[in-house]
Amino acid sequence: MIYLTGDIHGGSDMKKLSNKNAVDKIQKDDYLIICGDFGLVWDTKHETFKEKSQINWLNSQKWITLFVDGNHECFPRLYTYPEKEWHGGKVHVIRDRVLHLERGQMFEIEGHTFYTMGGATSHDRGPAVGDTKSIGKFWWPEELPSEAEYAESNATLEKGGYKADYIITHCLPTSLQTGLMGGDYFSDHLTDYFEDLMNKMEFKHWYCGHYHVDKDATDKISVLFSNVIALGDKAEQEVRAKGEAKYKKGANVRFNYNGEVVTGQIMRVMPWGNPAKKGEPCYNIQIANSPRMANMLAESDIIEKI
């Protein structure tokens, strides 16, 4: 499985990655994609003790971390990490299980194609706001793609016929950025480039970060920040009325049960649950290849329909 989330900002927004409700569903060797502002490559000279600890923590998790760059990265250092071909595109290897998906690449992961193009304009530092003191310390001009990176992107897209199952960026196309954030964020060559791609490319869904909200800009383009979602899902949580169960009798599901992840078939649906479950829908599920029945299992314990 593949999951996605938004910015982690050098650790200041990493709590979501240790939130039990968010990551229990992620299994061993699943992928977690961070849509920019990774920020754990930040010091101008070397990995600090804090950076090393946080990167090593990510590397030790059961999932494999993938990220596109945002605008809050130390690009001169990021580009010094070893580079290799991986799943059809180029990556920087931060650790064996922490990989930077480079700009203008096409990857094939678990049978899906992903076009990646990181970068964005900083709205809080750098020349755009008259801040010259941060240049080379907390802001770098490489936050926006170079002409060479645009050229590589164009070549990648032309080779792929301007088709990808999923698009992963840090910022939105210009019109959607303006519609979502008004004048708080700057339009630039990259957002204009994405505006063209939005109209030209064939894709299933587009995910980005940058704006510190969990919001669906369109039916096919989602902005992520706090939520950790499965590939193909939208950013905003599904809202259902009380007493409306998500799953139906006879459905096969994967779920958490007694500290394990198991599969089974729903045998009974209780839309209103019981007081102990705080009104959450509950299910009786026959565990696969077992005589056991998981009784009164809360809907939040079900990971997915299979």
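Which side-chain oxygen reaches the backbone nitrogen of leucine 190 at the start of H6? In the structure, that oxygen belongs to aspartate 188 and comes to within 2.8 Å of the nitrogen. The structure is a predicted model, in which local features need pLDDT of at least 70 and side-chain atom pairs count only at pLDDT 80 or more, while totals for chains, interfaces and linings use all residues. Residues are numbered from 1 along each chain as its sequence is written, and side-chain values use heavy atoms, with hydrogens and water left out.

Helix H6 covers residues 189–200; helices (H or I, at least four residues) and strands (E, at least two) are DSSP runs, numbered from the N terminus. The end C-alpha atoms of H6 are 16 Å apart, which agrees with the 16 Å that its 12 residues should span at 1.5 Å a residue (the expected span being 1.5 Å times one less than the number of residues). Leu190, Thr191, Tyr193, Phe194, Leu197 and Met198 of H6 are buried (under 20% relative accessible area, with a 1.4 Å probe and protein chains only). These buried residues fall within an arc of 150 degrees seen down the axis of H6, so they line one face of the helix; the arc is that of the directions from the helix axis to the C-beta atoms. An α-helix has 3.6 residues a turn, so residues three or four places apart point the same way. The cover over the buried residues of H6 includes S8, H4, strand S9 (166–169), helix H5 (174–181), S10 and S12, where contact means heavy atoms within 4.5 Å.

Several of these strands belong to an open sheet of six, with mixed pairing and the order S7-S8-S9-S10-S12-S11; two strands pair if DSSP finds at least two bridges between them. Strand S7 (105–109) and strand S11 (215–216) are the edge strands, each pairing on one side only. Strands S10 (residues 205–208) and S12 (residues 221–223) run parallel and are joined by three bridges. Tryptophan 206 stands opposite isoleucine 221 in S12. Helix H4 packs on the sheet, where it touches S7 and S8, and its direction makes about 160 degrees with that of S8 (axes are lines fitted to C-alpha atoms, for helices over the stretch in contact, and angles run from 0 to 180 degrees between N-to-C directions).

The loop between strand S8 (112–117) and helix H4 (147–159) contains serine 134. Serine 134 is buried, with a relative accessible area of 6%. Apart from neighbours within four places in sequence, serine 134 is in contact with Arg125, Gly126 and Trp139.

How values were computed. Buried means under 20% relative accessible area, exposed over 50%, partly exposed in between (1.4 Å probe, protein chains only). A polar contact is a pair of N or O atoms within 3.5 Å; within protein, one must be able to donate a hydrogen and the other to accept it, and residues adjacent in sequence count only if both atoms are side-chain atoms.
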